[in-house]
Amino acid sequence: METDVVVIGLGSAGSMALWQLAKRDVRTIGVEQFGIGHARGSYAGDSRLFRSAVHEGPRFVPMLARARELWFELEHDSGRHLYDECGALQIGDAGSGGLLKSIASAEQFDLPHEILDAAALRSRYPQHRVDDHTVAVLDHRAGSLYPEASVMAAVETAKSHGAQVLTNTEVIDFDEAGGRLQIITDHGTIACDKVVVATGSWTTRLRPDLKGFLSIIPLSLTWFMPRHPQMFTPERFPVFIRDEDGVHLYGTPSHDSYSIKVATEPLWPAIGSPDEVPEFSRADLTRIGSWAANFLPDLNPEPVKYSMHHELCTPGDLPLVDLDADTGMLLLTAFSGRGFKFAPVYGQIAADLITGTPTDLYDPSFALSAQHR
């Protein structure tokens with residue numbers, strides 16, 4: 001079997017890279033060790049937040065603007081509903097650094113937004129418990145993404161442009177022969193000129209040299225049942241991030257008519273592989289439930305759903321985007337829990353780097369290379 005480019009891993013970034021390459025009529029084969037949209041990916045879990053005004057810094061805003069365009073493009077091309085632009089509330093203490101950075105990025109790029117004081121929050125979003133010192137920035141170009149559907153949409157659209165897809169196929173190793181890369185799988189070998197390694201938390205299986213540089217962090221997700229679910233639809237309840245009283249919470253509106261996602265930052269130490277994700281204890285669930293009900297009093301504090309996932313992180317939480325010109329291998333991984341909203345733009349960057357297309361989206365300061373370890 002032979003092709004021009006192989007994309008290994010068809011999750012958040014790999015599916016989008018496959019789509020972007022296939023759109024350019026690049027002969028491409030995507031290889032996935034599980035099925036498409038499988039439940040073990042870092043992207044899994046019903047919903048992901050999209051924001052345009054971000055506290056991570058204004059340098060990311062142009063990338064997010066392009067990502068938003070691509071999300072709408074993928075919706076159109078695939079015919080799938082992938083994104084509810086219901087807005088995003090970043091809530092915290094007045095004067096907190098994260099809020100000030102988000103406001104600065106919104107103002108610098110003239111993004112539609114509002115600053116809400118405690119009284120305005122109580123009036124417009126009574127779902128949230130608000131103290132007198134609480135303020136928020138409402139980002140209007142933000143909302144909730146559907147990750148499993150998005151991965152499926154990108155892969156199916158790539159196939160419509162001619163990409164081939166191999167599922168339930170594990171890549172075991174790489175080799176070189178006759179000046180071409182040999183991708184060795186458990187079902188045979190694929191010869192290609194270039195390869196995109198988008199294997200997420202499984203990256204060190206193929207690149208053991210990156211062990212010790214990359215870490216896998218457990219990611220916990222929890223859903224709670226509101227007593228008045230009509231208050232938590234996308235039309236009435238924006239996605240949110242809250243940082244108050246030493247607690248970090250984020251969440252999305254109801255997508256199933258009876259529950260909303262309210263989750264917290266990772267509470268567990270790094271693990272050795274995705275097979276080692278921990279289980280929730282009763283104490284874990286009780287603690288997260290008490291936080292959720294404290295800030296959103298309409299919620300019953302007992303989770304109706306919960307799941308444990310994983311995310312691949314770098315020491316500085318910057319993504320690993322690194323093209324080795326000698327081997328033709330592009331690493332596209334380790335998004336440190338911040339990657340899904342950027343996913344289609346990372347796919348475009350991958351296609352630009354693989355095809356040698358000039359791009360103003362990729363700035364090496366946004367990312368790490370494998371040589372930085």
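## A buried threonine

Thr157 is buried, at a relative accessible area of 5% (buried means under 20%, with a 1.4 Å probe and protein chains only). Its place is in helix H5, residues 147-160 (helices are DSSP runs of H or I of at least four residues, numbered from the N terminus). Beyond its neighbours within four places in sequence, Thr157 is in contact with Trp19, Leu74, Asp77 and Ser78 (contact means heavy atoms within 4.5 Å).

This is a predicted model, where local features need pLDDT of at least 70, side-chain atom pairs count only at pLDDT 80 or more, and totals for chains, interfaces and linings use all residues. Residues are numbered from 1 along each chain as its sequence is written, and side-chain values use heavy atoms, with hydrogens and water left out.

## Where H2 meets H5

The axes of H2 (residues 61-78) and H5 come within 10 Å and cross at roughly 65 degrees. Axes are lines fitted to C-alpha atoms over the stretch in contact, with angles from 0 to 180 degrees between N-to-C directions. H2 contributes Trp71, Leu74, Asp77 and Ser78 to the contact. H5 contributes Ser150, Ala153, Ala154 and Thr157.

## Along H2

H2 has 18 residues, which should span 26 Å at 1.5 Å a residue (1.5 Å times one less than the number of residues). Its end C-alpha atoms are 25 Å apart, which agrees.

The buried residues of H2 are Val61, Met63, Leu64, Ala67, Leu70, Trp71, Leu74 and Glu75. They lie on the same side of H2, because they cover an arc of only 170 degrees around the axis (taken from the directions from the axis to the C-beta atoms). Just after H2, Gly79 takes a positive phi of about 75 degrees.

Key:
Helices (H or I, at least four residues) and strands (E, at least two) are DSSP runs, numbered from the N terminus. Buried means under 20% relative accessible area, exposed over 50%, partly exposed in between (1.4 Å probe, protein chains only).
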